[in-house]
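Please open the structure in your viewer and keep the selection tool at hand.

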Amino acid sequence: MKLWGGRFDKETDVLVNDFNSSIRFDARMYREDIEGSIAHATMLGEQGIISREESEQLVTGLRELLADIQAGKVEFSEDNEDIHMNVETLLTQRLGAAGKRLHTGRSRNDQVAVDFRMYVRGEIPKIVKMLLELERVLVRQAEANVDTVMPGYTHLQRAQPVTFGHYMIAYANMFCRDITRFEDCLERMDECPLGAGALAGSTHPLDRQRTAELLGFARPTDNSLDSVSDRDFAIEFLSACSILMMHLSRFSEEIILWCSWEFKFIDLDDAYSTGSSIMPQKKNPDVAELVRGKTGRVYGSLITLLTVMKGIPLAYNKDMQEDKECVFDAIDTVELCVPVFSAMLDTMTVRPENMAKAAAGGFINATDCADYLAKKGVPFRDAYTLVGRLVNHCIATGQTLDTLPLEEYQALSPAFGEDVYQALSLNTCVSQRKTTGGPAHDEVLRQIARIRAFVEERSEQ
């Protein structure tokens, strides 16, 4: 008979039993379930709700059960539905009557709520650690390429000159925000729902502050209804995962473009590329493509949980069993993608000569030409129009702003002098962009130092 079967005269239909069961996926929370049960049993003994002797029996039995599970000596049963019922059944088989006292003052609703929080809470530092390593890779690439000039793009059209180091720090800033989003999520979930019961707490004198303390939470949750029905922490976590994957996907798209023959700004290491079964010449950026593809998978997890929760009245409803698979899949996907992406970046070869060649075309110093005139006293909008005409003239005559003769410059405006060529060199264009956040050498070094400090601060925690 089910642990909850006292109300029922018939056994659960086998189809319903299979449909209802979650042990095939929530078994991964066995450690959290046992740790939560140890805290609950400890508190029950301290409060005199059960005897000290029974409390100690439960704690010892739970620790032994955990060791056996970790040693592969335990098989979970589909008949016991979920990890919570499996643990309680196994414990009762070992301890007898004492095992039946474990669930005193507790419901599966607050039990699963605390298990799930603890599981997500445990995964966030792992993801943050992976992101910190990614940041270190970006810092290394940025330091090696502070002066590697390349075109910056808008609308995927060459726009203005930047450096590859500047580009790497742009992504480093994105991943800094991802890290702080996970940190914020971790701070908000730092409340313990254990003791909220099914929805209305308990008539037993539970010490919820004590169980929160034993499980490493800052405090107990404040409302029993909200405690068991809240999955905001999981939704927020999936949102942080989705934004992270969006950043990885954008970066992947750039990698895919950059290693194509049309760009050839980088070469990916053979260890992080694949070939074709029919075309011998192919070297495919499959890591970047898979990261880009798996992003949709994580988005799907977020939408799944938002959709599950959108129509649920207070408090717990069985719909909420659908919360875990999507979160577990997102965790597995993120923890698969970040390390391999970091390794791919760390081993890639940068091609400065191809970047410089691309930067020399496309008139990416046109804005600097307009700024040159503005500094000579020409109103910027007039300077903008003049440079537009210069670009048209260069296109028609097969020239660039660097090769256009001075007399042709001066035919358009007497403000042009011989110093125009120095002003329009790409190195000058980059080095003069000293404003905060710009691509100038010293400014990129400042940005690198800030990212390094961000990483070091968290690495020491």
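Select Arg446 and Glu443, which form a salt bridge whose closest N and O atoms are 2.5 Å apart. The model is a predicted one. Both residues belong to helix H19 (residues 441-459), where they are three residues apart, about one turn of the helix. Are the two partners buried or exposed? Arg446 counts as partly exposed because its relative accessibility is 37%. Glu443, at 10% relative accessibility, counts as buried, since buried means under 20% relative accessible area.

**Salt bridges between other parts of the chain**

The structure holds 29 salt bridges. Next, select Glu236 and Arg188, another pair joined by a salt bridge, with 2.5 Å between the closest N and O atoms. Glu236 lies in helix H10 (residues 232-258) and Arg188 in helix H7 (residues 164-188), so this pair ties together parts that are 48 residues apart in sequence. Glu236 is partly exposed at 23% relative accessibility, whereas Arg188 is exposed, with a relative accessible area of 52%.

Now select Lys283 and Asp270, whose side chains meet in a salt bridge at 2.9 Å, N to O. Both residues are in the loop between strand S5 (266-267) and helix H11 (286-309), 13 residues apart. Lys283 counts as partly exposed, at 41% relative accessibility, and Asp270 is exposed, with a relative accessible area of 62%.

To view a network of salt bridges, select Glu133, Arg136, Arg140 and Asp346, which are linked in this way.

**A buried leucine**

Select Leu44, located in helix H3 (residues 30-46). Leu44 counts as buried because its relative accessibility is 0%. Which residues are in contact with Leu44, leaving aside its neighbours within four places in sequence? They are Ile49, Ile50, Arg101, Leu102, Thr104 and Leu206.

**A nonpolar patch on the surface**

Finally, select Leu199, Leu225 and Leu314, which form a nonpolar patch on the surface. Together, these three residues have about 270 Å² of accessible area. Leu225 is in helix H9 (residues 224-229). With a relative accessibility of 31%, Leu225 counts as partly exposed; Leu44, by contrast, is buried at 0%.

Definitions and conventions. Residues numbered from 1 in each chain as written. Predicted model: local features only at pLDDT ≥ 70, side-chain atom pairs only at ≥ 80, totals over all residues. Heavy atoms only, no water. Patch = residues over 30% accessible without salt bridge, like charges linked within 9 Å, V, L, I, M, F, W, Y side chains within 5 Å. Areas by Shrake-Rupley, 256 points an atom, 1.4 Å probe, with all protein chains shown as cover. Salt bridge = Lys/Arg side-chain N within 4 Å of Asp/Glu carboxyl O. Helix = DSSP H or I, 4+ residues; strand = E, 2+ residues; numbered from the N terminus. Buried < 20%, exposed > 50% of the residue type's maximum accessible area, 1.4 Å probe, protein only. Contact = heavy atoms within 4.5 Å.
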